[in-house]
Amino acid sequence: MSAQFYGPSDKPPLKKWIPLSFQHVFAMFGATVLVPLLTGLSTSTALFTAGTGTLLYSLVTKAKVPAFLGSSFAFIPALIGISQAYGAPYAMGGAIFAGIFYCIIAIIIRFAGKDWIDRALPPVVIGSVIIVIGLCLAPTAINEAFYINNEYSLVALSIAAVTLCVAIIMIVFIRSFFNTLAILIGLLGGYIFTLIMGIFFPAYRLIDFSGVRAAKWFALPFLQTAADGSTFWMAPKFNLVAILTFVIVSISTICEHLGDTLTTSKVVGKDFYKDPGLHRTLIGDGLATAWAAVWGGPPNTTYGENIGVMVITKVYSVWVIGGAAVIAVLLSFCQKFGALIQTIPTPVLGGICTLLYGLIASSGLRTIFDAGVDYTDKRNLTISSVIMVIGIGGGALQFNIGPDFKFSLGGVALATIVGIVLNLIIPKKAN
């Protein structure tokens with residue numbers, strides 16, 4: 001892999017800037033549009049709020065943190081539960097208060113300091129959490145790469161394998177600028193292979209352009225379409241149950257924010273907890289979430305997929321991330337292009353994500369190795385073991401909020417909290 005190509009403040013020339021930004025768009029697209037598909041929201045709105053939310057985050061963090069913000073999976077249960085019980089506008093109102101809660105926590109950190117974070121999150125916790133972030137995503141990548149409609153498929157496996165091989169060849173053997181476009185080229189290679197396979201084996205034709213033909217060229221992304229074909233803006237509404245539900249869920253997403261920011265810091269080689277400061281990254285994330293809800297989009301979060309792209313390319317430019325955000329906004333107005341992106345077959349995404357998610361986990365191993373964590377110390381061994389089993393195993397803390405919604409704190413968030421608690425209560429010389 002080549003040395004760092006662009007740092008956070010570096011601006012690539014336009015001929016490199018655009019394809020590098022498009023690569024990030026491809027990386028975030030599948031997950032960003034999947035959340036609204038699962039929750040009944042608009043995919044165009046999600047793209048619009050992801051792009052504008054990323055730009056807002058960059059503004060708040062003084063353009064120092066290369067992070068793309070897209071639709072958050074953690075809020076899916078809350079979005080579905082509140083929408084079914086009270087209506088989608090109340091879910092948007094709850095999400096606005098979740099963003100406000102982020103800002104309140106950020107203000108507390110700003111004035112109380114962050115030394116407690118350094119004590120609570122040493123390298124043994126940080127590295128283990130980063131490993132969990134990557135490996136928790138592994139089942140998604142494998143499901144996409146090996147299965148079609150929940151059935152094992154050698155066709156899916158062959159497409160994923162070709163996609164992965166193209167990306168690996170670009171990473172390992174190419175030393176030109178194209179090395180930094182490994183993800184984009186891998187996606188294109190897998191897409192073309194799928195098209196060719198569909199020509200010779202019509203039964204395995206996985207790419208359907210009918211949605212592209214039916215889509216409009218231009219439409220306002222923040223207007224929802226009613227059953228009768230009319231459009232409307234989904235104005236947020238508020239009630240106490242929705243507000244409390246989203247605020248409680250945001251406790252877990254704040255923990256995920258800590259992990260993602262730590263991961264990005266380790267990948268880039270800069271301490272973003274100190275500069276621009278954890279309070280700024282939290283405020284940026286919170287404002288992006290509230291902003292998304294105002295327009296009827298799902299809450300935002302920083303994306304592991306885009307961290308994976310930075311791990312591969314060593315391109316950490318905020319300008320590149322900003323370019324991806326602008327492209328996402330433009331695509332949200334062009335329904336045909338969005339429909340074209342959605343034709344990317346799931347096995348192609350699975351092949352790329354096999355690499356992306358693994359690299360995130362590997363960066364956690366590197367964090368532990370670079371810090372010289374001693375695993376002959378039973379304390380470190382215990383903390384890492386518990387974090388990884390709870391996080392990867394899917395441990396969860398669940399309880400009911402009202403008759404129709406169950407709050408769940410699990411996966412990365414619960415593993416992070418347990419790791420912090422163990423680090424604080426286990427004596428440092430427990431051998």
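**Helix packing and buried cores in a predicted model**

Just after helix α3, G87 adopts a positive phi of about 115°. Within α3 itself, which covers residues 76–85, the buried positions are I76, A78, L79, G81 and I82.

Two further residues have a positive phi without being glycine. K62 sits in the loop that joins α2 to β1, and its relative accessibility of 43% makes it partly exposed. The other is N149, whose phi is near 55°. That residue belongs to the loop between β2 and β3, and N149 is exposed, at 71% relative accessible area.

One peptide bond also deserves a remark. The bond from D275 to P276 is cis, with omega near 15°. P276 is part of helix α12, which brings me to the helix pairs.

Two packed helices are described by the angle between their axes and by the distance between those axes. Let me take α12 with α4 to start. Helix α4, residues 88–112, and helix α12, residues 273–294, cross at roughly 165°, and their axes come within 8 Å. Angles over 145 degrees count as roughly antiparallel, so α4 is roughly antiparallel to α12. The crossing of this pair, α4 and α12, is left-handed. On the α4 side the contact includes M92, A95, I96, G99 and Y102, and on the α12 side it includes L278, H279, L282, I283 and D285. By class, the residues of the α4 contact with α12 are 15 nonpolar, four polar and two charged.

I turn next to α16, residues 346–370, and its packing against α8, residues 154–173. The axes of α8 and α16 lie 7 Å apart, at an angle of about 45°. That angle makes α8 oblique to α16. The crossing of α8 and α16 is right-handed. From α8, the residues A156, I159, A160, T163, L164, A167 and I171 meet P347, V348, G351, I352, T354 and L355 of α16. What is the make-up of this contact by class? The contact of α8 with α16 has 10 nonpolar residues, three polar residues and no charged ones.

Helix α16 also packs against α7, residues 138–146. Here the axes are 7 Å apart and the angle is about 145°. The crossing of α7 and α16 is left-handed. A138, A141, E144 and A145 of α7 meet T346, P347, L349, G350, G351, C353, T354 and Y357 of α16. The residues in the contact of α7 with α16 divide into seven nonpolar, four polar and one charged.

Which residues of the largest nonpolar core touch the most other members? That core has 53 residues, and the ones in question are M28, F68, I183, I312 and L356. Helices α1, α2, α8, α9, α11, α13, α14 and α16 each supply at least two residues of this core. As for L356, beyond residues up to four places away in sequence, it touches I183, E305, G308, V309 and I312. A second, separate core has 29 residues, among them V124, L258, I360 and L422.

Is N306 buried or exposed? N306 is buried, because its relative accessible area is 2% and buried means under 20%. Setting aside neighbours within four places in sequence, N306 is in contact with H24, A27, M28 and F68. M310 also lies in α13, and M310 is buried, with a relative accessible area of 1%. Apart from neighbours within four places in sequence, M310 contacts H24, P66, T264, V267, V315 and Y316. P66 and M310 are 244 residues apart along the chain, with their C-alpha atoms separated by 9.0 Å.

I420 counts as buried, at 17% relative accessibility. V125 and I420 are 295 residues apart in sequence, yet 7.1 Å apart in space from C-alpha to C-alpha. Leaving out neighbours within four places in sequence, I420 is in contact with A120 and L121.

Conventions:
Residues are numbered from 1 along each chain as its sequence is written. This is a predicted model: local features need pLDDT of at least 70, side-chain atom pairs count only at pLDDT 80 or more; totals for chains, interfaces and linings use all residues. Side-chain values use heavy atoms; hydrogens and water are left out. Axes are lines fitted to C-alpha atoms, for helices over the stretch in contact, and angles run from 0 to 180 degrees between N-to-C directions. Helices (H or I, at least four residues) and strands (E, at least two) are DSSP runs, numbered from the N terminus. Angles under 35 degrees count as roughly parallel, over 145 as roughly antiparallel, 65 to 115 as roughly perpendicular and the rest as oblique. A crossing is left-handed if the near helix is turned anticlockwise from the far one by less than a right angle, and right-handed if clockwise. Contact means heavy atoms within 4.5 Å. Ala, Val, Leu, Ile, Met, Phe, Trp, Tyr, Cys and Pro count as nonpolar, Asp, Glu, Lys and Arg as charged, and the others, Gly among them, as polar. A nonpolar core is a set of buried Ala, Val, Leu, Ile, Met, Phe, Trp, Tyr and Cys residues joined through side-chain atoms within 4.5 Å. Buried means under 20% relative accessible area, exposed over 50%, partly exposed in between (1.4 Å probe, protein chains only).
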